[in-house]
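Have a look at the model first, then read on for the details.

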Amino acid sequence: MASLPHLHSLSFHSPSYLHPTKSKYPSHQFLTMPSPPSASPFTVSAKEKNPWLDPFDPGEDPGMEINDPFPKGKQQEDPRPPENPTNPYGFLKFPQGFNVELADLASKLRGDVRRCCCLMSGGVYENLLYFPVIQLIKNRYPGVEIDVIASARGKQTYEINKNVRWANVYDIDIKFPEPAEYTDMLGVLKNNYYDLILSTKVAGFGHAAFMFMSSARDKVSYVYPDVNISGLFLTEYFIPPNLNLSESGYHMYDQMIEWLGRPVKDIPKEPVPPLKVSISKKLRAHVAEKYTEAGAQKGKYVVIHGIQSDSVASMQSRGDTDSLLPIELWAEIVKEISSDVKPVIVIPHEREREELEETVGDAAAILFMTTPGKLAALIEDSAGVICTNTAAVQLALARDKPCVALFSSEEKAKLFVPDAEVKNCTVIASKTGKLIDIDVEAAKTAVKYLGKTPVFA
């Protein structure tokens, strides 16, 4: 068959940033791959750009000018038509790309985030420490809608977070999830058209692929240091100092916070907000009824949390598993509490009540509470908190309540309660590295001193 003469004149035309290399064959040109792009000037660290992203991306155009059609500064809140009073569902939220006439011009170019989803690993403690990150996202991207996917225990934490639109139950820590649950959650992520998905799980190939299939614009997660293929599916990734993030304590999400709050163009670096929780009136009333029935009065009782139990409602941190004290040691500490206040001991399971009543007697009230929302409401109406390293210590600091915290070591105390003196928290640490060997006399002294403060009057 005769060859077509016009095909001999075809050649590959390369973009301006690619430099073709001529071969000895005149009718062909071969392209050489560009060198890896240098790190973006807006990254917060010196690490190079994700090498798994587009190798043909030359980086940001230094000659590009952002004029009036491209608003500067932070994004504006999503413009929304007025509510339709005849529609029980309000105004319909269209998927991404279908209501372009309502969106700001070049929102993708500026990196605006209208919808964000957080895939949370861990229990109550880990989710509670993520609250500053959620507040940072709200401050950095005005008008953003934040959704959370967490374990059954972790979901309960968002009862006291006003920034989360909805929380769904799906445990991303399960290595082999049910296929029906896996595909259903993948459909939930795809149908919400998220601009940004953040994950606190150290991702391998499987979890990174799960995030990639969500079709979100930006996918950010922690990755294993030896599984570099995970970066192929992610927009940005972090290599944590420990495979167990919780071992870093209060600052376990520092790498993600640094990336989210990074300065971009004319937007300065976003400061990290403190840990705060919000408690609804309905929850306050429910808890007030509970402690009133137990014989306690508002502002005249002390919350005790950290009873040794095998219940999942103990609200421990994964980074400090030695954080529960036996009932016998708590009984010694309870005896030293001032008579002006009543000890209220929180138990994570009803099976602990009988032994506790035999040991403590009528010296303390006993309340069965398993959710962080109820615990936060109980702490809010109290005069102070005595606890081990459970979620109770973070809730007390979030509500500015005086606290005596018992730790297994000074290192753990510095990790989980930095600047304890400033936060009105007295730390008692064991010298042997085991919580059961804690100096009970030092704890008694701290309790006595705490009982003489005006707060307990």
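The model is predicted: local features need pLDDT of at least 70, side-chain atom pairs count only at pLDDT 80 or more, and totals for chains, interfaces and linings use all residues. Residues are numbered from 1 along each chain as its sequence is written, and side-chain values use heavy atoms, leaving out hydrogens and water.

**Salt bridges**
- With a side-chain nitrogen of Lys or Arg within 4 Å of a carboxyl oxygen of Asp or Glu as the rule, the count is 14 salt bridges.
- Asp173 pairs with Arg318 in a salt bridge, their closest N and O atoms 3.0 Å apart.
- Asp173 lies in the loop between strand 5 (164-169) and helix 5 (179-191), and Arg318 in the loop between strand 9 (301-305) and helix 9, so this pair ties together parts 145 residues apart in sequence.
- Another salt bridge joins Glu350 to Arg353, with 2.8 Å between the closest N and O atoms.
- A network of salt bridges links Arg115, Glu145, Asp147 and Arg165.

**Accessibility of the partners**
- Asp173 is partly exposed at 23% relative accessible area, and Arg318 is partly exposed at 43%.
- Glu350 is partly exposed at 38%, and Arg353 is partly exposed at 23%.

Key
Helices (H or I, at least four residues) and strands (E, at least two) are DSSP runs, numbered from the N terminus. Buried means under 20% relative accessible area, exposed over 50%, partly exposed in between (1.4 Å probe, protein chains only).
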